[in-house]
Amino acid sequence: MPPTPRPTPAAGTVTALAVFVTLTLTGTPAFADDGGPSEPPGSVSSAAPPEVDGGASGLRLEPGAKLAPAKVLDIKSVVEDLGGEERREDTPQTVTLALQAEVLFPKNSSRLNPEAKSRIAAIAEEIKGQQATTVRVFGFTDNLGSYAHGEKLSKDRADQVQRELAATLGPDVNYEVRGYSEDYPIADNTTEEGRRKNRRVEVTFQKAPSPDVAASAPSGA
């Protein structure tokens, strides 16, 4: 039996994606509100897109159709505990650990809970293990109350987490600390469960190069 011919793409623009996004959850799936970015500026990194020959015959484009610029989507694994208190995102380059504000602070406060220090200490140990020298600490709130109040509260909370990390990591680590108020929600703000997830502090840092990558890097000789 002859092979089934592949369908010819319709005339227009075709986008080539080189990498796919994976999502792994142990609890309730995270929900990003429609219409807005899901990550703050400067928190997304990806490799340069591959070169794609728009005139290659294998693309089987209709006459006049053009290939859109290639894009690369970071491979991302997202793991959330059953209670939603902690959330971890891994890409090939970075780790982002998010803790709900209720885990770290009393309601509407930027004063750390007594048990918060042990959670932050565990994050500091992983940062040490990855030998990261730059750490981003971003604070977020839900959409209740004024934007200005949320901006101050989210920044104050991020500052507190940064100070606690610095006490363990010492002076050789640089920090980017910001408060984003209700911007960049990861859950639906119309429910209390979603608002609880959006009230969070995220700590992001680079991963150490894998031994295989380090061994294949050219020497400086």
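Me: Why are α2 and α3 called oblique to each other?
Reply: Helix α2 (residues 116–130) and α3 pack at about 55°, with their axes 9 Å apart. Under 35 degrees would be roughly parallel, over 145 roughly antiparallel and 65 to 115 roughly perpendicular, the rest being oblique. The two helices are therefore oblique. The angle runs from 0 to 180 degrees between N-to-C directions, and the axes are lines fitted to C-alpha atoms, for helices over the stretch in contact. This is a predicted model, in which local features need pLDDT of at least 70 and side-chain atom pairs count only at pLDDT 80 or more, while totals for chains, interfaces and linings use all residues. Residues are numbered from 1 along each chain as its sequence is written, and side-chain values use heavy atoms, with hydrogens and water left out.

Me: Which residues of α2 and α3 meet?
Reply: In α2 they are Lys117, Ile120, Ile123, Ala124, Glu125, Ile127 and Lys128; in α3 they are Val161, Glu164, Leu165, Thr168 and Leu169. Contact here means heavy atoms within 4.5 Å. By class, the residues of this contact are seven nonpolar, one polar and four charged. The crossing of α2 past α3 is right-handed, that is, the near helix is turned clockwise from the far one by less than a right angle.

Me: What makes glutamine 162 buried?
Reply: Its relative accessible area is 16%, and buried means under 20% (exposed is over 50%, partly exposed in between, with a 1.4 Å probe and protein chains only). Glutamine 162 is therefore buried. This residue lies in helix α3 (residues 147–169) and touches Val137, Tyr175 and Val177, leaving aside residues up to four places away in sequence. Between glutamine 162 and tyrosine 175, 13 residues apart along the chain, the C-alpha separation is 7.6 Å.

Me: What makes β3 and β7 the edge strands?
Reply: Two strands pair if DSSP finds at least two bridges between them. The open sheet has six strands in the order β3-β4-β5-β8-β6-β7, with mixed pairing. Both β3 (77–80) and β7 (174–179) pair on one side only.

Me: How do you know that β5 and β8 pair?
Reply: Seven bridges join β5 (residues 94–100) to β8 (residues 200–206), against a requirement of at least two. The two strands run antiparallel. Glutamine 100 has arginine 200 in β8 as its bridge partner.

Me: Which strands do the helices lie across?
Reply: α2 lies across β4 (86–90), β5, β6 (134–140) and β8, at about 15° to β8. α3 lies across β6, β7 and β8, at about 160° to β7.

Key:
Helix = DSSP H or I, 4+ residues; strand = E, 2+ residues; numbered from the N terminus. Nonpolar A, V, L, I, M, F, W, Y, C, P; charged D, E, K, R; others polar.
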